[in-house]
Amino acid sequence: MKIGIIGAGNIGGTLGRLWVQAGHHVRFGVRDPQRVLPLLDELGSSASAGSALAAAAYGEVVVYAGPYGAWPQVAEDIASSVQGKVVVDAANPYPERDGVIVDAVAKFGHGAGSYTASLLPGANVVKAFNTIYWVDLRDKAFAPGQLLAMPMAGDDAAGLKAIADLATDAGFEPVVIGGLVRSADLDPASPIYAKSFTVEQVHAALFGNAIS
């Protein structure tokens, strides 16, 4: 699969590594492609870099892993390139960094993933890859014994299936917690945020019961 990743930091860069290792091709969307040359050298011919728009146009799936406060501008820039595509929101709104958009998300209701979908009405938005601490994303993929969970929420069944497959390819066990109306369960105030949980632990934290 061709995957566009907007952002090449802790989350975006780590996901790119994991997906290239799984056989996918990635294009990072960054302000200065020269700054990610060491990463591109590491990943070889399966990785490239360009603008955010170039990454969005390239990807069959597009992942946003930048600051949440930049989402409105990014959404405006890439909207025409992601019509009908699955767009993964892997960003988190933090008041100290992202400012007034955090209040907008709160007033909108149902969490950041739901708000992001309102910015990209022509895309199939899935909230995913934002709850796990990036060091564990890097170091605990394919954890021996029992895979760690990768929680996600979305309204489109085909989109969720595509992202669940990418979570599996990255070395995690996907767990769909519901539609985007539940995306607040993936935001920083959630009991599963920044936790490295198994699927059973995710269910226990969010629903009060583990699965068999």
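**The strand pair and its surroundings**

Reply: Happy to. Strand E2 (residues 25-29) and strand E3 (residues 47-50) pair in the parallel sense, over four bridges. Pairing here asks for at least two bridges found by DSSP between the two strands, and the elements themselves are DSSP runs, numbered from the N terminus: helices are H or I with at least four residues, strands are E with at least two. One of the bridges links Gly-29 to Gly-50 in E3. Together with helix H2 (residues 37-43), E2 and E3 form a right-handed β-α-β unit; right-handed means that, with the strands pointing away from the viewer, the path from the first strand over the helix to the second runs clockwise.

A word on the basis: this is a predicted model, in which local features need pLDDT of at least 70 and side-chain atom pairs count only at pLDDT 80 or more, while totals for chains, interfaces and linings use all residues. Residues are numbered from 1 along each chain as its sequence is written, and side-chain values use heavy atoms, with hydrogens and water left out.

Now for the setting. The protein chain has 10 helices and eight strands, and buried residues make up 52% of its 212 residues (buried is under 20% relative accessible area, exposed over 50%, partly exposed in between, with a 1.4 Å probe and protein chains only). Among contacts between residues at least 6 apart in sequence, 66% join residues at least 24 apart, a contact being heavy atoms within 4.5 Å.

In helix H7 (residues 112-119), Ala-112, Gly-113, Ser-114, Tyr-115 and Thr-116 are buried; the buried residues of H7 pack against helix H4 (71-78), strand E5 (86-89), helix H6 (100-108) and strand E6 (124-128). In helix H10 (residues 199-207), the buried residues are Val-199, Val-202, His-203 and Leu-206. Seen down the axis of H10, these fall within an arc of 95 degrees, so they line one face of the helix; the arc is that of the directions from the helix axis to the C-beta atoms. Their cover includes strand E7 (149-154) and strand E8 (173-178). Just after H10, Gly-208 takes a positive phi of about 80 degrees.

Leaving aside neighbours within four places in sequence, Asp-136 is in contact with Ala-141, Phe-172 and Ser-196.
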